[in-house]
Amino acid sequence: EGAAQWIPYALNDLQRRMPGLGGGMTADVLRANRIYVTCQTDDDIAYLMDHAGEGNFLIGTDYGHNDQSSELEALRNLRSGGRITPHQYQQITYDNPKAFYGL
């Protein structure tokens with residue numbers, strides 16, 4: 001419900017706290033722990049992928065909910081918005097969901 005803009009903050013905070021907890025953090029902590037995050041078409045996805053990698057984002061449409069979060073044209077808007085590359089679109093809409101669901 002909070003989009004994906006929280007990812008850079010959370011990763012930075014985790015990296016700062018892990019040494020005090022007696023551990024370290026891998027550079028690809030989301031992938032290493034199979035953590036996937038849904039993004040919205042108005043997220044700065046390229047920025048998020050710079051911080052968290054390309055292999056952890058899915059598209060969240062809220063399809064089926066009749067409220068302001070619903071975006072029936074999410075896939076089209078994601079592709080046509082001009083904010084991500086065709087490769088990143090492929091990751092979000094096909095490769096990452098395929099890995100997430102084990103297909």
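Biologist: Ile7 first: buried or exposed?

Modeller: Ile7 is buried, with a relative accessible area of 1%. Buried means under 20% relative accessible area, exposed is over 50%, and partly exposed is in between, with a 1.4 Å probe and protein chains only. Bear in mind that this is a predicted model, where local features need pLDDT of at least 70 and side-chain atom pairs count only at pLDDT 80 or more, while totals for chains, interfaces and linings use all residues. Residues are numbered from 1 along each chain as its sequence is written, and side-chain values use heavy atoms, with hydrogens and water left out.

Biologist: Where is Ile7, and what does it touch?

Modeller: Ile7 is in helix α1. Leaving aside residues up to four places away in sequence, Ile7 touches Leu30, Val37, Leu48, Ala52 and Phe57. A contact here means heavy atoms within 4.5 Å. Helices (H or I, at least four residues) and strands (E, at least two) are DSSP runs, numbered from the N terminus.

Biologist: Which other residues of α1 are buried?

Modeller: The buried residues of α1 are Ile7, Pro8, Leu11 and Asp13.

Biologist: OK, α1 and α3. What's the packing angle?

Modeller: Helix α1 (residues 7-17) and helix α3 (residues 45-52) pack at about 20°, and their axes are 9 Å apart. The axes are lines fitted to C-alpha atoms, for helices over the stretch in contact, and angles run from 0 to 180 degrees between N-to-C directions. α1 and α3 are therefore roughly parallel to each other. For that label, angles under 35 degrees count as roughly parallel, over 145 as roughly antiparallel, 65 to 115 as roughly perpendicular and the rest as oblique.

Biologist: And is the crossing left-handed or right-handed?

Modeller: α1 passes α3 in a left-handed crossing. That means the near helix is turned anticlockwise from the far one by less than a right angle; clockwise would be right-handed.

Biologist: Which residues meet there?

Modeller: From α1 there are Ile7, Pro8 and Leu11, and they meet Tyr47, Leu48, His51 and Ala52 in α3. By type, the contact of α1 with α3 has six nonpolar residues, one polar and no charged. Ala, Val, Leu, Ile, Met, Phe, Trp, Tyr, Cys and Pro count as nonpolar, Asp, Glu, Lys and Arg as charged, and the others, Gly among them, as polar.

Biologist: Switching topic: how many aromatic pairs are there?

Modeller: The structure holds two. In Tyr36 and Phe100, the ring centres are 5.1 Å apart and the planes are at 75°, so that pair is edge-to-face. Rings of Phe, Tyr and Trp (its six-membered ring) pair if their centres lie within 6.5 Å; planes under 30 degrees apart count as stacked, over 60 as edge-to-face and the rest as tilted.

Biologist: What about Leu78, which helix is that?

Modeller: Leu78 lies in helix α4 (residues 74-80), and it is buried, at 4% relative accessible area. Beyond residues up to four places away in sequence, Leu78 touches Thr41, Ile45, Ile59, Ile84, Tyr89, Ile92 and Thr93. Leu78 and Ile45 are 33 residues apart in sequence and 9.7 Å apart, C-alpha to C-alpha.
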